[in-house]
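Visitor: Could you walk me through this one while I have it open?
Guide: Gladly; let us bring it up and take it one topic at a time.

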Amino acid sequence: MTDTREPPLVLRGSCLCAGVAFEIHGPLSRPLYCHCGMCRKAHGTAFRARAGVAASHFQWVRGDDLVTWYESSPGTHRGFCRVCGANLINRFDAHPDQYGLALGALDDDPQVRPQCHVFVADKAPWFEITDTLPRYDGFPPRA
Ligand SMILES: [Zn+2]
Ligand SMILES: [Zn+2]
């Protein structure tokens, strides 16, 4: 019997052009929606849906040479495919053991769902939050 709520053993993801692919062998943490201006610009939409992943659980399957890093704020590097522009993962100089994963890059259902909205103070004026998840003007309180 398979519990459908169990996360898959391997989560697969890829970019829009499929030149880059990756696998995650472990759980995701702190799934959320970020409305900050940098995420809105990077993704070209109202917010970034992201989750944390341990760097040791993440591996490129192909195309890691296509991943280009943009330092959007000091120490935060946004990795995207240089062919198609898809956002993939962020890495952080301050905590290199964790990546920030763009949930939209996943091909599998991670089972986890975003738990809150952050940087709501920077939210796009043309987007209305219509769910009942907690909202924070900046970072969420540390659990
Ligand atoms: Zn691509
Ligand atoms: Zn953000």
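**The zinc site and beyond**

Guide: To begin with a single residue of this predicted model, Cys34 has a relative accessible area of 8%, and because that is under 20%, Cys34 counts as buried.

Visitor: And Cys39, buried or exposed?
Guide: Cys39 is buried as well, since its relative accessible area is 5%.

Visitor: What coordinates the zinc ion (ligand 2)?
Guide: The zinc ion (ligand 2) is held through the SG atoms of Cys34, Cys36 and Cys39, at 2.1 to 2.3 Å, and the spacing of these donor residues along the sequence is C-x1-C-x2-C.

Visitor: Changing topic, what is the strand order in the open sheet of three strands?
Guide: The order is β1-β2-β5, with antiparallel pairing; β1 (11-14) and β5 (58-62) are the edge strands, each pairing on one side only, and from one strand to the next the twist averages 25 degrees.

Visitor: How many bridges join β2 and β5?
Guide: Strand β2, which covers residues 21-24, pairs with β5 over four bridges in the antiparallel sense, and within that pairing Phe22 has Trp60 of β5 as its bridge partner.

Visitor: Now Arg78: where is it?
Guide: Arg78 lies in strand β7, residues 76-81, and although Arg78 is buried, it has no salt bridge.

Visitor: What polar contact does the Arg78 side chain make, then?
Guide: The Arg78 side chain makes a polar contact with the side chain of Ser72, at 2.8 Å.

Technical notes: Residues numbered from 1 in each chain as written. Chains lettered and ligands numbered in written order. Predicted model: local features only at pLDDT ≥ 70, side-chain atom pairs only at ≥ 80, totals over all residues. Heavy atoms only, no water. Pairing = 2+ DSSP bridges. Helix = DSSP H or I, 4+ residues; strand = E, 2+ residues; numbered from the N terminus. Axes fitted to C-alpha atoms, helices over the stretch in contact; angles between N-to-C directions. Donors = N, O, S within 2.8 Å, 3.2 Å for Na, K, Ca; no water. Buried < 20%, exposed > 50% of the residue type's maximum accessible area, 1.4 Å probe, protein only. Lys, Arg positive; Asp, Glu negative; His and termini not counted. Salt bridge = Lys/Arg side-chain N within 4 Å of Asp/Glu carboxyl O. Polar contact = N/O pair within 3.5 Å; in protein donor to acceptor, adjacent residues only side chain to side chain.
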